[in-house]
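Subject: Structure handover

Dear colleague,

Here is the structure you asked for. My notes on what was found in it follow below.

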Amino acid sequence: MNGVLIPHTPIAVDFWSLRRAASARLFFLSHMHSDHTVGLSSTWARPLYCSPITAFLLHRHLQVSKQWIRALEVGESHVLPLDETGRETMTVTLMDANHCPGSVMFLFEGYFGTILYTGDFRYTPSMLKEPALSLGKQIHTLYLDNTNCNPDLALPSQQEATRQIVELIRKHPQHNVKIGLYNLGKESLLEQLALEFQTWVVLSPRRLELVQLLGLADVFTVEEKAGRIHAVDHMEVCRSAMLRWNQTHPTIAVLPTSRQIHRTHPNIHIIPYSDHSSYSELRAFVAALKPCQVVPIVRRQPYRDYFQDSLSPRLSMPRIPDSVQQYMSSSSRKPSVLCLLGRRLKRPRTQGVMFESLEEKAGQFPADRDSKEAKNKNLCGNLEKPPSHHPLWIKKRLFPDLCSKEWGGAVPFSESQKRVTVLTAPLGFSVHLRSTDEEFISPEAGEEVGVGPHVVPRDDSDGSAASGTQPARGHRDSPLSHGSKPLPLLAPEFSSLTLKYLLTPVKFFQARFSSRGFDRQVEEYHRSLLSLDRGAYNLV
């Protein structure tokens, strides 16, 4: 990863590790090469500053949301805040880096002095004529592209390297030409070759979209047989590919790079065309700027004090304003969006049936309790009592206190107005379950279903629930209404299981238990009910 956290500032350039950049608040991207975007993905959720072309590529290829991308015009100065209130600001100027489409250099000016970050760049004398650099400003810190900072590595200029490629192609007039490139960069070289040899350059659809954005000459196509020059991925240029290409048509390959690459086929030609500054160009650039210090960007590249004779006296670091310090420290304490989302997902969610706690009922106002008791008594007079061997009756005899509070001789209405799912019980009762986070619609009437009694006798004629004032109709000898039509919302085996849990004492739900232990206790309880049921039947 070739990026930096500028010390004593909230600025990060080509640096996308939030864990290591806890104090950074302003993030800048110099260009879209992969070694400068390590850690940058579609999940990025902080403001990011870059050039307009890089902004397009960033959203197009890395799917970074547009709401976080801040495109800054090249060649203009932009004022950005360095704290929460905007009391402290800095000026940033973007300059063309002559490296790849959208690549820029950043000139930062603020309480920290003047800092120039070159990113990857190929020096040209015209860079010194940029307004931001031609005013004689003192550069305190120069972050320099040291990719080719090696006195032993002699590189030709881009114009000379282009001439070498042209001469090579002229020596093979009947050959197709494969130019091995990275995903981004050297588009201007392809344009020059197309104009020189009056031929189309065949590109991939992705690169064609890019060159159309750059406004280059109309010399590019995606048709394979339209021209003799083909731009391919540099990884495709290998021995096996050369053998395959030459089986159909004589072909040569060109790798325009300053890197040391081993040739695997005699028709593979390496031309030292580089988008990085040579050692001599770096010397000229530093000598013209005379910065106070030079910091290499590429850490893996050996670096020595090659520019010591071109440096100005170093200045002491100015004090960081209090508002900026607070701005930097507060960012490290704020949890990220992903952390907040993870905490939310880890929260336990209530599943299954929700039961009203006894504490809630005990805390009701006296007037509410009196009105509910009156309703329950009114409803109780209209309900049929089940026979003595019925599980509800046995439960009332075994737990008189609990049942008097829970059922009140009949069924109290829930005060909650949440909507519910209506389930059909095999005993002829409509069982109402409260949903924790969903709303349901009745499939028969298409109406919203509100919370009603937990257990309501079924109607013989139309299956509608009896109201609190309407007497229950049906056979007087049995609580079951065989003529009622059940709602097809739950299978019978699940209905019996649901009712089985509903008929379990509330004390089981208030204790702490595991799901496995709870099921075992419920089974034991209902086995005891079954034995009592048989005893009561024998007595009858």
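How many disulfides does a search of the whole structure find? The search finds zero disulfides, a disulfide being a pair of cysteine sulfur atoms within 2.5 Å. Buried here means under 20% relative accessible area, exposed means over 50%, and partly exposed is in between (1.4 Å probe, protein chains only).

Before the rest, some ground rules. This is a predicted model, in which local features need pLDDT of at least 70 and side-chain atom pairs count only at pLDDT 80 or more, while totals for chains, interfaces and linings use all residues. Residues are numbered from 1 along each chain as its sequence is written, and side-chain values use heavy atoms, with hydrogens and water left out.

The chain as a whole

The protein chain has 15 helices and 20 strands. These are DSSP runs numbered from the N terminus (helices: H or I, at least four residues; strands: E, at least two). Of its 540 residues, 43% are buried. The accessible surface comes to about 29,600 Å², and carbon and sulfur atoms account for 53% of that; the areas come from the Shrake-Rupley method with a 1.4 Å probe, and for residues only the protein chains shown count as cover. Taking contacts (heavy atoms within 4.5 Å) between residues at least 6 apart in sequence, 59% join residues at least 24 apart.

The largest pocket

The volume of the largest pocket is about 850 Å³. A pocket is an open set of points on a 1 Å grid over the protein atoms alone, where a 1.4 Å probe fits and protein lies on both sides within 12 Å along at least five of seven lines; lining residues have an atom within 4 Å of a point. Grid points are joined across faces, edges and corners, and the volume is the space filled by probe spheres set on the points.

The lining has 34 residues, and those nearest the pocket centre are His33, Asp35, His99, Tyr182 and Arg259. By type, the lining divides into 17 polar, nine nonpolar and eight charged residues. Nonpolar covers Ala, Val, Leu, Ile, Met, Phe, Trp, Tyr, Cys and Pro; charged covers Asp, Glu, Lys and Arg; the others, Gly among them, are polar. Helix 1 (52-61) and helix 4 (205-214) each supply at least two lining residues, and helix 4 gives the most, with three.

Helix 1 and the residue after it

Within helix 1, Thr54, Ala55, Leu57 and Leu58 are buried. What covers the buried residues of this helix includes strand 4 (48-50), strand 5 and helix 4. Just after helix 1, Gln63 takes a positive phi of about 55°, although Gln63 is not a glycine. Gln63 sits in the loop between helix 1 and strand 5 (69-71) and is partly exposed, at 48% relative accessible area.

Two further loop residues

His8 also has a positive phi, of about 65°, without being a glycine. His8 is in the loop between strand 1 (4-5) and strand 2 (11-13) and counts as partly exposed at 45% relative accessibility.

Pro266 lies in the loop between strand 15 (251-256) and strand 16 (268-271). At 55% relative accessibility, Pro266 counts as exposed. Pro266 and Ala253 are 13 residues apart in sequence, and their C-alpha atoms are 9.6 Å apart in space.

Regards
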